[in-house]
Amino acid sequence: MNTMFPVVILAGGLATRLRPLTETIPKALIDINGEPFIAHQLRLLRHNGIQEVTLCIGYLGEMVEEYVGNGHQFGVNVTYSFDGPQLLGTAGAIKQALPLLGENFFVLYGDSYLACDYAAVQKTFIASRKTALMTVFRNLGQWDKSNVEFTNGNILVYDKTKQTDRMHHIDYGLGIFNQSAFANITADQVYDLALLYQDLLSNQQLAAHEVTERFYEVGSFAGINELSYYLNQEKSGSTIIEY
């Protein structure tokens, strides 16, 4: 069994969709069933064998650091990378955090709860010998706008702004990158992860792994309610039926 790659969590966003709730607390500390969301997220990672986590934080990030600390209460080791005075975008924030990360690492959004098989995703990445991997989910426009054309294990098109009728999958929100994927991004450059994914795809350096478990998120009030219900059902041992 391969040692699990470290995870970088992008938790520096302003969470404007959740105002006024997020005027005084960051999204990571939103209460979900009596605990801050980040507690659920870190325990899920530990359950999947993850040991090292780096949090990219910005807006109200000191509150996150004060709550999580070194992460040992959740069974993981946590380090921090602060955005600084300028928001660098999702890829720019990762570029800044590279010294804290291993040669290969998972990337996860700070509002995502993704109960998939992380070891299986890592195995696919290693076998692909590519620079990066995107997880995809057959969404069919149900949970959010589909943005991936995916056929026979390959991503043909990925575009979050220009949907086509052949897009039945969605970027699930979990990726793996080799450090070299960020070589062309300069320090302090504002750069978006979606653009980096497109660059890698055009250079045939983007592998794919299809997951079957739906994604949950706390980026919206509806998402918070859905995750709360899911975790309650899971805790009570009820069978969750996915459609």
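Reader: Is S128 buried, partly exposed or exposed?
Author: In this predicted model, S128 is partly exposed, because its relative accessible area is 24% and buried would need under 20%.
Reader: Which helix is S128 found in?
Author: Helix α4, which covers residues 118-128.
Reader: Switching to rings. How many aromatic pairs does the structure hold?
Author: There are 14 aromatic pairs. One of them is F137 with F215: the ring centres are 6.1 Å apart and the planes are at 85 degrees, so the pair is edge-to-face.
Reader: What does that pair tie together?
Author: Parts that are 78 residues apart in sequence, because F137 is in strand β8 and F215 is in the loop between β12 and β13. Both residues, F137 and F215, are buried.
Reader: What about Y216 and Y230, stacked or edge-to-face?
Author: Stacked, at 4.4 Å centre to centre with 25 degrees between the planes. Y216 belongs to strand β13 and Y230 to helix α6, 14 residues apart. Both Y216 and Y230 are buried as well.
Reader: Which charged end sits over the ring of Y216?
Author: That of R214, 4.1 Å from the ring centre.
Reader: Last one: which residues do ring pairs link into a cluster?
Author: F105, Y158, F177, F182 and Y197.

Methods:
Residues are numbered from 1 along each chain as its sequence is written. This is a predicted model: local features need pLDDT of at least 70, side-chain atom pairs count only at pLDDT 80 or more; totals for chains, interfaces and linings use all residues. Side-chain values use heavy atoms; hydrogens and water are left out. Rings of Phe, Tyr and Trp (its six-membered ring) pair if their centres lie within 6.5 Å; planes under 30 degrees apart count as stacked, over 60 as edge-to-face and the rest as tilted. Helices (H or I, at least four residues) and strands (E, at least two) are DSSP runs, numbered from the N terminus. Buried means under 20% relative accessible area, exposed over 50%, partly exposed in between (1.4 Å probe, protein chains only). A charge sits over a ring if NZ of Lys or CZ of Arg is within 6 Å of the ring centre and within 35 degrees of the ring normal.
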